[in-house]
Amino acid sequence: MNVVTPDSSPLHTEHDVVAIGCGPFNLGLAALASTVKGLDLVVLESRPELRWHPGLMFDEALLQLSFLADLVTLVDPTHPLSFLAYLKDKDRLYPFYIRERFHPTRREYEDYLRWAVAQLPSVRFSHQVESVDWDAERQRFILKVLRGDGRRLQMTARDVVIGIGTEPSLPKALASLPASKRVHTGEYLHRQPEVEAARHVTVVGSGQSGAEVALHLLQRNLAGGGAVSWLTRTVSFAPLDYTKLTLEMTTPAYVKYFHALPQPTKDRLVAEQWRHYKGISTETLEQVHDLLYRRELEQGLADVELRCGVAVDDASVDGSGKVVLRCRHLDTGATFEHSTELVVAATGYKQRSPVFLRPMDGLMRWDEQGRYKVRLDYSVELAPEVSGRMFVTHADLHSHGVAAPDLGVSGFRNATILNTIMGREVFRLPQRTAFSRFGVPETPARARPQAQPQTPVPADVPVVPDGALRAPAARASEAS
């Protein structure tokens with residue numbers, strides 16, 4: 001039963017599913033759920049609107065995936081919230097067709113996401129989840145929510161989906177610097193006045209974000225801007241491994257294989273496969289090299305240096321206000337100091353630790369490293385007394401492999417979650433997703449022994465078909 005306030009907004013509501021967080025993954029869940037009859041699903045987002053990586057929204061930055069990796073297409077190509085439906089609604093189908101590029105710009109992809117949000121009343125912004133607990137008597141999750149207008153709501157749900165994304169990660173060496181001396185790539189465009197004022201900016205770390213920031217700084221340098229340094233501990237400024245058969249590691253076939261492996265093996269593979277999701281696009285690397293080559297034709301530009309195989313062990317600010325990085329060359333072990341005015345940390349992201357789950361302490365199962373224990377259907381292992389289910393999106397790198405952050409597997413993951421919630425196959429999942437076979441071959445059938453000479457059957461013994469003799473045993477097996 002819903003309890004309604006005088007302004008007609010309910011303070012107590014009941015739902016089948018509450019999804020927490022509205023990035024592309026949970027938005028895709030809402031999009032698929034919008035066509036499932038009889039399912040009451042809402043998505044709660046603490047921010048007032050959808051923004052997708054605004055600190056790295058460079059004008060011409062491309063999505064690294066095909067438009068087919070939208071919210072719904074790889075599960076339901078006819079869905080009304082597909083990217084093609086968006087283009088049709090915006091009257092851009094023919095321009096997109098003539099453009100002949102399968103990769104939209106990030107700005108266009110964000111516009112697509114915002115278009116989808118506008119058609120989904122199940123998505124509610126300015127709703128911050130403060131706590132999630134389990135009510136054993138009612139057999140429901142209880143969520144306490146702070147709304148943007150200051151009102152507090154209580155929602156109950158049979159199942160919960162957590163999709164709160166990641167947060168910027170800073171290594172200990174850089175975290176010790178004053179905030180005014182370091183910028184994470186995730187906030188780079190928001191801090192342009194500080195970047196513009198710095199006469200020497202050093203990017204620490206690589207990956208796609210680091211490369212795009214370095215490219216932007218090199219463009220500024222070529223136009224007469226400050227000095228640029230780019231340091232990374234990887235052995236090279238390595239490209240993403242987007243070769244076709246390697247990409248099959250983002251398919252449901254590989255996810256299923258990976259999930260069944262022992263956890264130490266999973267952790268080793270994720271570390272070894274870093275180039276699949278931490279490398280740099282070939283196009284960006286070519287643009288960087290083109291700018292470096294163009295500098296050869298100019299005079300009087302500020303210095304530029306690129307160094308790979310370099311670890312930053314410590315950082316401090318000297319008496320003149322400059323940042324001093326204490327670096328170690330990984331191949332030789334030699335150490336040196338590097339001075340700069342501002343550091344841009346291209347050091348990636350880490351899983352958020354949801355404070356709202358503290359009431360669930362003792363009811364959730366974690367692995368040795370404090371990560372969710374995630375089943376193949378993306379549900380989290382909970383205590384036996386919890387009959388509701390809790391699912392996670394984009395918190396499964398350790399359990400499901402390098403496909404976890406990939407938009408291309410999002411539709412499959414969401415369809416799996418919805419099928420599990422509904423207890424039936426609402427969405428038909430693809431069965432053949434990779435040419436590669438990742439496990440060991442099935443044990444071949446043993447050769448049958450050679451038939452022995454048959455003893456003649458006496459005329460007075462009735463002949464019974466062989467299958468009939470096995471039937472009782474077969475029935476017993478099925479019953480067990």
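# Exercises on a predicted model

Tyrosine 378 counts as buried, at 2% relative accessibility. The model is a predicted one. The exercises start from this residue.

## Exercise 1. Positive phi at serine 126

Task: Is serine 126 buried, partly exposed or exposed, and what is its phi?

Solution. 
- Step 1. Locate the residue. Serine 126 lies in the loop between β4 (123-124) and β5 (127-135).
- Step 2. Read phi. The value for serine 126 is near 55°, positive in a residue other than glycine.
- Step 3. Classify. Partly exposed covers the range between the buried limit of 20% and the exposed limit of 50%. Serine 126 has 25% relative accessibility, so it counts as partly exposed.

## Exercise 2. Two aromatic pairs

Task: Classify the ring pair of phenylalanine 58 and tyrosine 188, then the pair of tyrosine 86 and tyrosine 112.

Solution. 
- Step 1. Two aromatic rings are described by the distance of the centres and the angle of the planes.
- Step 2. The whole structure holds 20 aromatic pairs.
- Step 3. Take the pair of phenylalanine 58 and tyrosine 188. Their centres are 6.1 Å apart, with 50° between the planes, and the pair is tilted.
- Step 4. Trace that pair along the chain. Phenylalanine 58 is in the loop between β3 (41-44) and α2 (83-89), and tyrosine 188 is in the loop between β9 (182-184) and α6 (192-197). They are 130 residues apart, so the pair links distant parts of the chain.
- Step 5. Check burial. Phenylalanine 58 and tyrosine 188 are both buried.
- Step 6. Take the pair of tyrosine 86 and tyrosine 112. Here the centres are 5.6 Å apart and the planes 65° apart. Planes over 60 degrees apart count as edge-to-face, and that is the class of this pair.
- Step 7. Tyrosine 86 belongs to helix α2 and tyrosine 112 to helix α4 (residues 106-118), 26 residues apart. Both tyrosines are buried.
- Step 8. Widen the view. Tyr86 and Tyr112 belong to one aromatic cluster, whose members include Trp52, Phe67, Phe83, Tyr109 and Trp115.

## Exercise 3. The second largest pocket

Solution. 
- Step 1. Take the volume. The second largest pocket has about 1400 Å³ of space.
- Step 2. Find the centre. Of its 42 lining residues, Gln64, Leu65, Ser66, His103 and Tyr242 are the closest to the centre.
- Step 3. Assign helices. α7 (207-222), α8 (244-247) and α11 (282-295) each supply at least two lining residues.
- Step 4. The lining has 19 nonpolar, 15 polar and eight charged residues.
- Step 5. Domain 1 (12-165 + 352-422) and domain 2 (170-240 + 278-348) both contribute to the lining, so the pocket lies between them.

## Exercise 4. The cavity

Task: How many cavities of 30 Å³ or more does the structure hold, and which residues line the largest cavity?

Solution. 
- Step 1. Count. There is one cavity of 30 Å³ or more.
- Step 2. Take the volume. The largest cavity has about 30 Å³ of space.
- Step 3. List the lining. It consists of Pro24, Gly28, Ala69, Asp70, Leu71, Tyr109, Leu407 and Ser410.

## Exercise 5. Valine 161

Task: Is valine 161 buried or exposed, and how far in space is it from leucine 29?

Solution. 
- Step 1. Locate the residue. Valine 161 is in strand β7 (residues 152-162).
- Step 2. Classify. Its relative accessible area is 0%, so valine 161 is buried.
- Step 3. Compare sequence and space. Valine 161 and leucine 29 are 132 residues apart in sequence, with their C-alpha atoms 9.3 Å apart.

How values were computed
Residues numbered from 1 in each chain as written. Predicted model: local features only at pLDDT ≥ 70, side-chain atom pairs only at ≥ 80, totals over all residues. Heavy atoms only, no water. Phe/Tyr/Trp six-rings, centres within 6.5 Å; stacked < 30°, edge-to-face > 60°. Helix = DSSP H or I, 4+ residues; strand = E, 2+ residues; numbered from the N terminus. Buried < 20%, exposed > 50% of the residue type's maximum accessible area, 1.4 Å probe, protein only. 1 Å grid on protein atoms, 1.4 Å probe; cavity = no way out; pocket = protein on both sides within 12 Å on 5 of 7 lines; lining within 4 Å. Points joined across faces, edges and corners; volume = space filled by probe spheres on them. Nonpolar A, V, L, I, M, F, W, Y, C, P; charged D, E, K, R; others polar. Domains from an automatic or database assignment.
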